[in-house]
Amino acid sequence: TFSPTLPEMAEHHRMTKRLADYIIKAAVGRTNTDVSRETGVDEAVIRKLFRDHYEAKKDRYKPSAPRILGIDELYLQRTYRCVLTNIEEETIIDLLESRTKQSVGHYLSHLKGRQDIEIVCMDMWNPYREVVKALIPKAAIVVDKFHITRMANESMEKIRKGIKAGLTQTKRRALKGDRKLMLMRRRDLNPMQELVIQTWLDQFPDLGAAYKLKESFMDIWLHTNEVDAREAYREWLGNMVDDQKHHWAPLMTAMTNWEAEIFAYFGDGQRNTNAFTESMNRQMKD
């Protein structure tokens with residue numbers, strides 16, 4: 001009795017090497033269920049294939065610091081985990097076990113070439129800021145503009161919902177589809193949508209005031225330098241409606257607490273965002 005040599009077979013997995021390689025590559029960017037459905041291989045086998053691949057690769061992976069570092073978090077398996085990316089080259093550096101100050105600090109303190117990091121993009125999570133200031137003091141910290149502009153949308157949404165809740169059933173019907181249109185930038189509306197929006201703003205002045213505040217806040221990020229951006233923000237504050245101020249309070253507090261990091265976006269060569277990191281978060285979660 002003898003066993004012939006079968007060089008094309010991945011004997012530990014009882015399949016061809018070609019199939020094993022395909023499954024590993026497919027599993028990087030797709031769910032195990034999806035790959036299982038396509039190949040007819042059980043999910044448990046796919047998990048084992050990928051786990052073995054990971055074990056073989058992990059010790060050879062020696063990450064180094066990028067010029068532009070992205071820091072974000074991902075809620076995975078009931079806990080927040082820190083995601084580190086190279087924004088310039090659009091690659092993932094690592095996914096940490098947690099987003100605590102100790103965890104992030106320990107990783108960055110051992111990251112090769114961290115002194116070469118020039119810009120760090122992040123959301124408004126204070127432990128990230130504290131770690132970067134302590135370990136990479138020369139790096140410019142830039143708050144991702146999408147996080148701060150999202151807060152403007154959320155403030156306007158609170159006002160819209162409050163106004164709509166106090167209307168009669170007939171008037172509420174007149175505002176059908178209001179959420180989607182009001183979250184759109186005015187410049188992106190087609191003529192019919194512009195007409196509908198203008199009708200609403202004329203009919204409900206408080207709603208119009210909230211929408212105009214949202215739009216003018218978004219316009220701050222169209223400026224090309226910090227001086228003009230700061231002036232636009234001061235004008236925005238001056239146009240604040242008194243009886244709506246409490247709805248905009250979280251946004252104004254964030255602007256105060258993170259002022260330097262928010263306006264750092266307008267510095268020379270620093271107009272960077274965490275858009276790549278956010279896009280990877282969805283894929284990593286899958």
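Okay, before anything else, one definition: when I give an angle between two helices, I mean the angle between their N-to-C directions, running from 0 to 180 degrees, with axes fitted to C-alpha atoms over the stretch in contact. Also keep in mind that this is a predicted model.

So, let's start with a pair of helices. Find α6, residues 145–165, and α12, residues 245–257; they pack at about 165 degrees, and their axes are 7 Å apart. An angle over 145 counts as roughly antiparallel, and therefore that's what we call α6 and α12. As for handedness, α6 passes α12 in a left-handed crossing. Who's touching whom? On the α6 side you'll find Ile148, Met151, Ala152, Ser155, Met156, Lys158 and Ile159, and on the α12 side His247, Trp248, Pro250, Leu251, Ala254 and Met255. Sort the residues of that contact by class and you get 10 nonpolar, 2 polar and 1 charged.

The crossing of α11 and α12 is left-handed. From α11 we have Tyr233, Trp236 and Leu237, and from α12 we have Trp248, Leu251, Met252 and Met255. How do the residues of this contact divide by class? There are 7 nonpolar ones, with no polar and no charged residues.

Let's go to another pair, α2 and α3. Helix α2 is residues 32–39, helix α3 is residues 43–58, and their axes come within 9 Å and cross at roughly 115 degrees. That makes α2 roughly perpendicular to α3. The crossing of α2 past α3 is right-handed. In the contact, α2 brings Asn32, Thr33, Val35, Ser36 and Thr39, while α3 brings Glu43, Ile46 and Arg47. The class count for α2 with α3 goes 2 nonpolar, 4 polar and 2 charged.

Okay, on to the sheet. It's an open sheet of 5 strands with mixed pairing, and the order is β5-β4-β3-β6-β7. Which strands stand at the edges? They are β5, residues 91–95, and β7, residues 140–143; each has a single partner strand, so one side of each is left without a neighbour in the sheet. Going from one strand to the next, the twist averages 25 degrees. There's a helix on the sheet too: α14, residues 275–285, packs there and touches β3, β4 and β5, and its direction makes about 35 degrees with that of β3.

At the β7 end, β6, residues 119–122, pairs with β7 in the parallel sense over 4 bridges. At the β5 end, β4 and β5 run antiparallel, joined by 4 bridges, and Asn86 stands opposite Thr91 in β5. These two strands form a hairpin with 4 residues between the strands, and Glu90 in that hairpin takes a positive phi near 55 degrees. While you're looking at strands, here's a handy general point: side chains in a regular strand alternate between the two faces of the sheet.

Last stop, the rings. The count here comes to 10 aromatic pairs. One of them is Trp221 with Phe266: the ring centres are 6.0 Å apart and the planes are at 45 degrees, so the pair is tilted.

Terms used:
Residues are numbered from 1 along each chain as its sequence is written. This is a predicted model: local features need pLDDT of at least 70, side-chain atom pairs count only at pLDDT 80 or more; totals for chains, interfaces and linings use all residues. Side-chain values use heavy atoms; hydrogens and water are left out. Angles under 35 degrees count as roughly parallel, over 145 as roughly antiparallel, 65 to 115 as roughly perpendicular and the rest as oblique. A crossing is left-handed if the near helix is turned anticlockwise from the far one by less than a right angle, and right-handed if clockwise. Contact means heavy atoms within 4.5 Å. Ala, Val, Leu, Ile, Met, Phe, Trp, Tyr, Cys and Pro count as nonpolar, Asp, Glu, Lys and Arg as charged, and the others, Gly among them, as polar. Two strands pair if DSSP finds at least two bridges between them. Rings of Phe, Tyr and Trp (its six-membered ring) pair if their centres lie within 6.5 Å; planes under 30 degrees apart count as stacked, over 60 as edge-to-face and the rest as tilted.
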